[in-house]
Amino acid sequence: MFVVACLVATAPVTVVSAGAVPAASGDGAAAPASLGPGTGRVSALGPAAGPPRQTANETNNSTGVLHENPDEVGDENEFDRLLSYLSGELNGDISASSLRLSRGEYEAAKAALGDDYDDSLAKYVDVEGEAGGDGAGEEYRTVGETQREYVDTVSEFRETRREYEAARQAGDDERARELARELTRLAEDGETQSDRLLAAFDAISNRTDSDLTDSSAQIEAVQANISERREEIVSREFVATRLAVDDYDRDISFTDPLVLSGSLVADNGTPVRATTARFAVGGQTVRAAVDADGSFELTYRPTRIPAGTSSLVVRYLPNDTSMYQATERAVPVAVSQVNATADLSEPSASPYGYADAVSARATIRVNGSPVTDYPLSATFAGSPATAAATDASGQSTVSATVPATATGAASLRVAPDGDGRAVTFAPATASVPLETEGTALDASARGTGNGTVVVDGRLETDEGEAVRGRTVAVSVDGRAVASATTGRSGAYRATFDLPSDASAENATVSAAFDGGGTNLESSAATASIRLSSGAATGSDASDGLPFDPLDLAWVVAGLAVVGLAAAVLLRRNGAGDSVRAAVADESAASADDDAGDSEPVATRTPTLESAVDALDAGRPNDAVVVAYAGVRASLGTAAGVDDAATHWEFCDRCVDADVASADALESLTAGYERAAYSGLSVSDEHAAELVETARSLADPSGSDALESPDSAGDADASEAVGAAE
């Protein structure tokens, strides 16, 4: 709600929207139109590209109240006003992209729907959720994804057309025809994408009272130009053909296939010069020999099409270098269903445990004949399993992972992927023996000084597999106080208020996992409550740093949500400076610590300790920002990355230098980007997982640098957790 309040406070009342439709020109582009001045978001609608901006020493009296009490922004009119503002921002980006596309400026067209568009869309979806919107956010998402794809398609069409013209000029007829077919495929893709865009434009206009008429006209002009060019090339390169069909038996099935005789001739009546031909029939590709007079005979066995199908399209598919054009013919049929048999091999006799991979081979046949390219559905112990379509021998590999809920002897099951197909079969099953596996649970407890206690740890099997989605119950001196669910890395975290009659210095915290009803054994752990340094002594939580990382994080995260303009400025003006300062100071602190004899718990990772304190204080965004700063300090020198690198440049260079797991660092970087720049909140659970990920990156050996001395004899709670799987 704070984010929404800040956005409302900075949103203007109106957004200007006007424009002209450019005329189409060559290469799928339209004639230029004027662009608004300035940098950043480019307006296709003239100089009033976005909301009116106030400059220093200037008072803007043309808009409504610019600052309001965040507690009062829940009013429906405020939400409507904010949605209208964000819709105007998104429409401006769409218009700019469409105009750039019509001018043939493809990189600029994609850039117009870049980070700024995604930021505005995220905010629109958030506010729409608060206001109970009508789903325009999903249409804006469709436009963003589809228009970027469409720009790529148009750009590729243009480049392919240039290659085609070059091949034609060089007299390379086969290459020219090959490229001409590629141009046909691109034009068809563009037609599908443009139709999707136009439908989304209409939906947005109807739901938001927006006017995207100009953008629609520009997209239509671009696609019309592509279609026109395609028709010119097709008529120039290819000879039109006709497919004639002789008499055949219309009653068909898998056991009584379609045997169709016919002929392929050019429009002038001459036979198609080919020895073999490919045909698309019922979602399959079949080949047939072609005689000198153009006659052929093909055989098609229906498998995946619906039983009862009354018509099939037989389409001639010339080779890419062929001089002939594709053609098709619809033929009436009557398809009957046939029952097949399915065999599923038994997995190995060894029992399987939690998270083990299970596989078996399915074989589908009709009277001994393999059923090829048939889609399958598979499950294991009631959960989805993986099965590819059958191969040329009618076989498919079925694979699954043992879930915690699978007990005793679970079943692997395979069935048709869809009802009423021309071929069907009764589901086949195979029994999979299972065993119970031991687990290990660790726990650490920290007091925040205000009566709140944070307990976290990790649940894994005896073989080291992370156990996800399981409940861990937390109690103090035998009294239940909280519960938590393990995440993807097996980590859990619970926060609770210490009972009034319990003492933090003497209380014992217990964490327990109950394996009842699963294939996992129960496990438990205990921990004494340790007070954070700030709670125990009142000292600075930065633990020797020349600044408080929490203050830094609060400034960065706060700036990210001050409003739409601030969020954009943070990105453009290098908001990473604050984080770079954190990294530099962290490095200096680490260097000083290396010279001393103090215990690792107090010196090795103070920034990550501060991230944990931020979690305890209920500030998940701060925790992620500070944890990321600690990782930059830990990995930057080893990877040879200077402080000027952006967060994604830092990520790529660390991965290239092989100093960090790609999945883990990418997960942390994406979380940092959301926490620092998006203006959106990171959930407590996700922030806790990201802090654990930061720990694993900063200390991949799983040392006890972050562990309390009181729990030195327990399992290491700071063991590397890693990123989301």
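**Note on the sheet and helix packing of a predicted model**

1. Phe279 stands opposite Val286 in strand β5. Strand β4 (residues 276-281) and β5 run antiparallel and are joined by six bridges. Strands are DSSP runs (E, at least two residues), as helices are (H or I, at least four), numbered from the N terminus; two strands pair if DSSP finds at least two bridges between them.

2. The model is predicted: local features need pLDDT of at least 70, side-chain atom pairs count only at pLDDT 80 or more, and totals for chains, interfaces and linings use all residues. Residues are numbered from 1 along each chain as its sequence is written, and side-chain values use heavy atoms, with hydrogens and water left out.

3. β5 and β4 belong to an open sheet of four strands, in the order β5-β4-β7-β8, with antiparallel pairing. Its edge strands, β5 (284-289) and β8 (327-332), each pair on one side only.

4. Helix α5 (residues 136-169) packs against helix α6 (residues 173-208) at an angle of about 160°, their axes 8 Å apart. Axes are lines fitted to C-alpha atoms, for helices over the stretch in contact, and angles run from 0 to 180 degrees between N-to-C directions. α5 is therefore roughly antiparallel to α6 (angles under 35 degrees count as roughly parallel, over 145 as roughly antiparallel, 65 to 115 as roughly perpendicular and the rest as oblique).

5. α6 also packs with helix α7 (residues 213-237), at an angle of about 160° and with axes 9 Å apart. This makes α6 roughly antiparallel to α7.
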